[in-house]
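Here is a short briefing to read alongside the model. Please keep the sequence and the 3D view open as you go through the points.

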Amino acid sequence: MATGTQPAHLVVEQFGTVRRITINNPRKKNALNLQAYGDLTDLLNAADRDDSVSVVVLMGAGDFYSSGNDISAILTSSQSVEERLETSNGKLSNMVKAFYSFSKLLIGVVNGPAIGIAATTVILCDVLYMVETGYFYTPFSALGLCAEGCSSYTFPKLMGRSKASEMLLLNHRMSAQEALQFQVVSELFKSEDFETKLWPRILKYGELPIGSIKATKQLMKRFEIEELQKANQRELEALAQRWQTEEAVQAVMNFMTRKSKM
């Protein structure tokens with residue numbers, strides 16, 4: 001069943017102790033604008049405080065998880081560059097922190113392509129399931145930008161240095177099969193099996209003792225939180241510098257021009 005007033009482009013549903021948050025912006029392949037950044041942050045933080053919630057599941061509507069940052073919204077903003085950076089970096093910082101500081105079970109169901117910030121943040125989830133036709137794509141250098149969402153820390157740790165460099169520097173598109181090979185995701189599923197096979201299993205996770213999960217998760221992340229905080233801050237500082245370069249502005253414009261012709 002749905003819960004309360006729904007924020008724009010995000011659908012919230014509660015199934016027992018499992019709360020499902022679905023990114024729902026199909027016209028833009030579930031792209032995330034700054035409003036969605038703030039709303040998703042608030043939803044994650046609220047679920048973490050809510051005693052009726054043991055598990056949060058993130059997924060996208062339709063056949064896309066999310067195409068990442070809604071760059072067109074940034075380019076058409078009436079704010080100055082400095083104002084845009086201050087606003088966007090603040091919201092981005094808070095959203096990324098909401099992922100890595102979440103104390104309960106956070107499951108990512110990557111039901112299609114996950115691009116840019118959508119890829120880097122969903123990889124911060126505790127468990128990832130991915131549809132066989134999905135992929136991860138982080139075209140930061142193609143945009144003249146840099147790593148974000150703690151990916152400068154998480155990608156090398158998960159994938160090894162060479163594959164992480166291929167992803168973050170060379171715009172490699174990681175298929176679902178490759179994501180499983182490099183242990184980025186736990187399991188692949190067919191899209192038609194989600195409701196009948198994967199979802200019932202996730203609902204069972206909601207019956208596990210939440211105190212036990214929180215205790216073990218805290219032990220597992222004991223030495224990691226500080227590194228994630230540092231990575232988040234360093235990336236935001238570098239990102240702010242990149243957005244102010246002519247190289248990045250031109251690369252983003254070229255990217256948007258190519259995209260409009262597709």
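Asn 33 is in contact (heavy atoms within 4.5 Å) with His 9 and Asp 70, once its neighbours within four places in sequence are set aside. Asn 33 and Asp 70 are 37 residues apart along the chain, and 5.1 Å separates their C-alpha atoms. The loop between strand 2 and helix 1 is where Asn 33 lies; helices (H or I, at least four residues) and strands (E, at least two) are DSSP runs, numbered from the N terminus.

This is a predicted model, in which local features need pLDDT of at least 70 and side-chain atom pairs count only at pLDDT 80 or more, while totals for chains, interfaces and linings use all residues. Residues are numbered from 1 along each chain as its sequence is written, and side-chain values use heavy atoms, with hydrogens and water left out.

**Loops with positive phi**

- Lys 29 is in the loop between strand 2 (18-23) and helix 1 (34-49).
- Although Lys 29 is not a glycine, its phi is positive, at about 50 degrees.
- Lys 29 counts as partly exposed because its relative accessibility is 45%; buried means under 20% relative accessible area, exposed over 50%, and partly exposed in between (1.4 Å probe, protein chains only).
- Gln 183 is likewise not a glycine and has a positive phi, of about 60 degrees.
- The loop that holds Gln 183 runs between helix 7 (176-181) and strand 9 (187-189).
- Is Gln 183 buried or exposed? With 63% relative accessibility, Gln 183 counts as exposed.

**Overall build**

- The protein has eleven helices and nine strands.
- Its C-alpha trace spans about 50 × 40 × 40 Å along the principal axes.
- The radius of gyration is 18 Å, which agrees with the value near 18 Å for a compact globule of 262 residues; the radius is taken over C-alpha atoms, and the globule rule is 2.2 Å times the number of residues to the power 0.38.
- Among contacts with a separation of 6 or more, 72% join residues 24 or more positions apart.

**Surface and charge**

- Of the 262 residues, 50% count as buried.
- The accessible surface comes to about 12700 Å², and 53% of that belongs to carbon and sulfur atoms; areas come from the Shrake-Rupley method with a 1.4 Å probe, and for residues only the protein chains shown count as cover.
- There are 28 positive and 28 negative charges, and their mean positions are 2 Å apart.
- For this count Lys and Arg are positive and Asp and Glu negative, with His and the chain ends not counted; each charge is placed at NZ of Lys, CZ of Arg, CG of Asp or CD of Glu.

**Nonpolar cores**

- A nonpolar core is a set of buried Ala, Val, Leu, Ile, Met, Phe, Trp, Tyr and Cys residues joined through side-chain atoms within 4.5 Å.
- Which residues have the most contacts inside the largest nonpolar core? They are Leu 44, Phe 99, Leu 128, Phe 136 and Val 184, in a core of 61 residues.
- Another core, of 15 residues, lies apart from that one and includes Val 18, Val 55, Met 59 and Phe 189.
- Beyond four places in sequence, Leu 44 is in contact with Ile 21, Val 56, Ala 98, Phe 99, Phe 102 and Leu 106.

**Residues on helices**

- Ile 202 is part of helix 8 (residues 194-205).
- Ile 202 is buried because its relative accessible area is 0%.
- Not counting residues up to four places away in sequence, Ile 202 touches Val 18, Val 57, Ile 107, Val 109 and Tyr 129.
- Tyr 153 belongs to helix 5 (residues 151-159), and its relative accessibility of 22% makes Tyr 153 partly exposed.
- With residues up to four places away in sequence left out, Tyr 153 touches Glu 224, Glu 227, Leu 228, Ala 231 and Glu 235.
- Gln 241 sits in helix 10 (residues 225-243) and counts as exposed, at 57% relative accessibility.
- Gln 241 and Leu 145 are 96 residues apart in sequence, with 8.9 Å between their C-alpha atoms.
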